[in-house]
Amino acid sequence: MIFEEPARLLAEAVAETDAVEVLETAAGTGIFTRTLARLGAHTIVATDLNEPMLAAAAPRLASDRVRWQVADAQDLPFPERSFDAVACQFGVMFLPDKVHGYAEALRVLRPGGIFAFNVWDRIENNTVPLLITQALATAAPDDPVEFFPRTPYGYFDFERIHDELTEAGFEQIRGEYIDGASHSTAETGAVAFCQGTPLRGEIERHPSLDLESATAIAAAELHRRYGSGAFYAPIRWLQVTARRPVL
C-alpha cells in the first residue's frame with residue numbers, strides 16, 4: 001500500500017552503485033528485498049530482529065542469491081568490511097541509539113561502500129496515518145495513541161540525520177524528500193495501519209481501546225474522508241545515502 005514506490009527508489013539507489021554484496025537490515029516482510037533482487041545480480045543478506053517476519057518473507061522469494069538471517073542492526077554478527085552496501089527501508093527510526101546503529105553499518109561496509117535508507121517525513125505530510133491518529137485521539141482524548149507521530153513519523157529532520165551519520169563516521173551524505181501516493185480502501189488501510197504495524201501493540205495495551213474498535217474507528221474516518229471505494233492519499237519520505245570513507 002505505501003512501501004512499493006519507496007522500495008523501488010531505494011533499490012535503484014543501491015543498484016546504481018554496482019554493489020555486489022548487500023546487507024539489508026530491518027527487512028521485515030521482504031518488500032525491499034524482493035525489489036532489489038529483481039534489479040540485478042546482487043547477493044543479499046536480509047536481516048531482521050524479528051524471526052517470524054523473516055519466516056513470512058522467505059517463502060515469497062526463492063533465490064540462491066538471498067540469505068535470510070536474524071540479526072540486530074545495532075549488533076551485527078558480521079566481520080568488518082563484509083559488504084559493498086547496507087540498506088534499510090523504514091527501519092532506522094526504530095533504532096534506540098541511532099549513532100551506534102549507523103556506526104555498525106559503517107563497520108560492516110567496505111571502504112567507499114554505500115549506506116542507503118529511507119524514513120517517513122513528518123506525519124502532517126502522510127495523510128492516512130495522520131487521519132487515523134486524529135481519529136483515535138478523538139475516541140480516547142485522555143490517553144491519545146501517539147505511536148505514529150512519536151516513532152515512524154517522528155524522525156524526519158535531515159539536518160539531525162546528517163549530524164548523526166557524520167558522528168558515526170560517514171561522508172558524502174545526501175538526502176532527498178520525495179512525494180508519492182498510497183493506494184488503498186478505507187477498510188484495507190485501517191487494518192494495515194492498526195493491525196499490521198507496531199501501532200497494534202500500543203492499541204492492545206490501551207486502557208480504553210481494543211484492536212477491533214480502534215480498527216473500526218480508523219476505517220470510519222478514512223471512509224468519511226475518501227468514501228467507500230479505492231483512493232489515493234499523499235505520502236512523503238526522505239531518502240538518504242552516505243558513504244564509508246575510502247581511507
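Which residues does the domain assignment of the protein chain give to domain 1 and which to domain 2? I got 1-121 + 156-183 + 236-246 for domain 1, and 124-152 + 186-229 for domain 2; the bounds come from an automatic or database domain assignment.

Ground rules for myself: this is a predicted model, where local features need pLDDT of at least 70, side-chain atom pairs count only at pLDDT 80 or more, and totals for chains, interfaces and linings use all residues. Residues are numbered from 1 along each chain as its sequence is written, and side-chain values use heavy atoms, with hydrogens and water left out.

**Interface.** I found the C-alpha centres of domain 1 and domain 2 to be 27 Å apart. Eight residues from domain 1 and ten residues from domain 2 make the contact (heavy atoms within 4.5 Å). About 730 Å² is buried between the two domains, 64% of it from carbon and sulfur atoms; buried area is the accessible area (1.4 Å probe) that two parts lose on being put together, summed over both. On the domain 1 side, M1, F94 and R236 supply 54% of the area buried against domain 2, more than any other three residues. I looked for salt bridges across the interface and the rule finds zero (side-chain nitrogen of Lys or Arg within 4 Å of a carboxyl oxygen of Asp or Glu).

**Sheet.** Next I traced the open, mixed sheet of seven strands, ordered β3-β2-β1-β4-β5-β7-β6. Strands are DSSP runs (E, at least two residues), numbered from the N terminus, and two of them pair if DSSP finds at least two bridges between them. β3 (66-70) and β6 (171-184) are the edge strands, each pairing on one side only. β6 runs antiparallel to β7 (residues 231-243), joined by twelve bridges. I178 stands opposite W237 in β7.

Notes: Helix = DSSP H or I, 4+ residues; strand = E, 2+ residues; numbered from the N terminus.
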